[in-house]
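Take a look at the structure below.

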Amino acid sequence: MKIQGLQKMTLLDFPEHVACTVFLGGCDFRCPFCHNYELVERPSLSYPDDPMRDKDLDSGLEGITQEQFMDFLTKRRGLLDGVAITGGEPCLRKDLPEFIATIRDAGFLVKLDTNGNHPDMLGNLLRQNLVNFVSMDIKNSPEKYAETAGLMAIDIDPIKESISLLINGDIPYEFRTTVMSKFHEDRDFHEIGKLIKGAKKYFIQPFIDRDTVPDHSLEAPPLEDMRRFRDIASEYVEFVGLRGID
């Protein structure tokens, strides 16, 4: 496994745990608000016809090897509880189960970030009890999903299957949506609520601009809109929180 980036310690990425975060390259989405867009291989190409999708997913960043990362983890035993794996989209990596198993065998917990578009891989990880926590992005209501994810079109069924796997499974999880005035309005949160109805936790977070974001014209909604979106989603989900708001 080629690791494109490493954050050596975080108190935010893995709920209730001290962790490090590893970044894996490659993604099948082209979200215009992505903070890690430099990890997306050949971002000018469009899914689903991206010829790189099943090929080399490394972003071209220097990164570190799996051996170097495991050496780092060994030296942090007793200081770190776990590893948060993000991207890019980690579930594109066919060797992801083996990578996670190596981390777990070393005595660390694993949290996975995913866009939910790969239920076969997610289901495999859940069945093998390889992950301790999953955070899945919900981009928008079904009718706006492709646009918000930067795609020409999308089959929403894999997203629904991943949602079902998490809601009906035994592994702790959360759903989350990054909110932008351009893409989100009240009715979207009714539709998102229906999509994840019965979920235990859902977080809504405002868009934050960074140098790596592809579309700098995007803006977060006002706080009153964020609170209203939370109240709408609360009609469908057990707990809805606002994240990243002072």
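## Helices H2 and H3

In this predicted model, Leu96, Pro97 and Ile100 of H2 touch Met121, Asn124 and Leu125 of H3. Sort these residues by class, and the contact has five nonpolar, one polar and no charged residues.

Now the geometry. H2 covers residues 96-105, and H3 covers residues 119-127. Their axes come within 10 Å and cross at roughly 30°. That angle makes H2 roughly parallel to H3, because angles under 35 degrees count as roughly parallel. The crossing of H2 past H3 is right-handed.

## Helices H1 and H2

H2 also meets H1, the helix of residues 66-75. From H1 come Gln66, Phe69, Met70 and Leu73. From H2 come Phe99, Thr102 and Ile103. By class, the contact of H1 with H2 holds five nonpolar, two polar and no charged residues.

How do the axes of H1 and H2 cross? They come within 11 Å, at an angle of roughly 20°. H1 is therefore roughly parallel to H2. H1 passes H2 in a right-handed crossing.

## A cavity and its lining

Searching the whole structure turns up two cavities of 30 Å³ or more. Consider the second largest cavity, which holds about 40 Å³ of space.

Which residues line the second largest cavity? They are Phe33, Asp137, Ile138, Lys139, Arg176, Thr177 and Thr178. Strand S8, residues 173-179, gives the most to this lining, with three residues. By class, the lining of the second largest cavity has two nonpolar, two polar and three charged residues.

## Two backbone exceptions

Start with a general rule. Most residues other than glycine have a negative phi, and most peptide bonds are trans.

Glu16 has a positive phi of about 70°, although it is not a glycine. Where is Glu16 found? Glu16 sits in the loop between strand S2 (5-10) and strand S3 (19-23).

The other case is a peptide bond. Gly87 and Gly88 are joined by a cis peptide bond, with omega about 15°. Gly88 lies in the loop between strand S5 (82-86) and H2. H2 is also the helix that meets H3 through Leu96, Pro97 and Ile100, and meets H1 through Phe99, Thr102 and Ile103.

Definitions and conventions. Residues numbered from 1 in each chain as written. Predicted model: local features only at pLDDT ≥ 70, side-chain atom pairs only at ≥ 80, totals over all residues. Heavy atoms only, no water. Axes fitted to C-alpha atoms, helices over the stretch in contact; angles between N-to-C directions. Helix = DSSP H or I, 4+ residues; strand = E, 2+ residues; numbered from the N terminus. Parallel < 35°, antiparallel > 145°, perpendicular 65-115°, else oblique. Left-handed = near helix turned anticlockwise from the far one by under 90°. Contact = heavy atoms within 4.5 Å. Nonpolar A, V, L, I, M, F, W, Y, C, P; charged D, E, K, R; others polar. 1 Å grid on protein atoms, 1.4 Å probe; cavity = no way out; pocket = protein on both sides within 12 Å on 5 of 7 lines; lining within 4 Å. Points joined across faces, edges and corners; volume = space filled by probe spheres on them.
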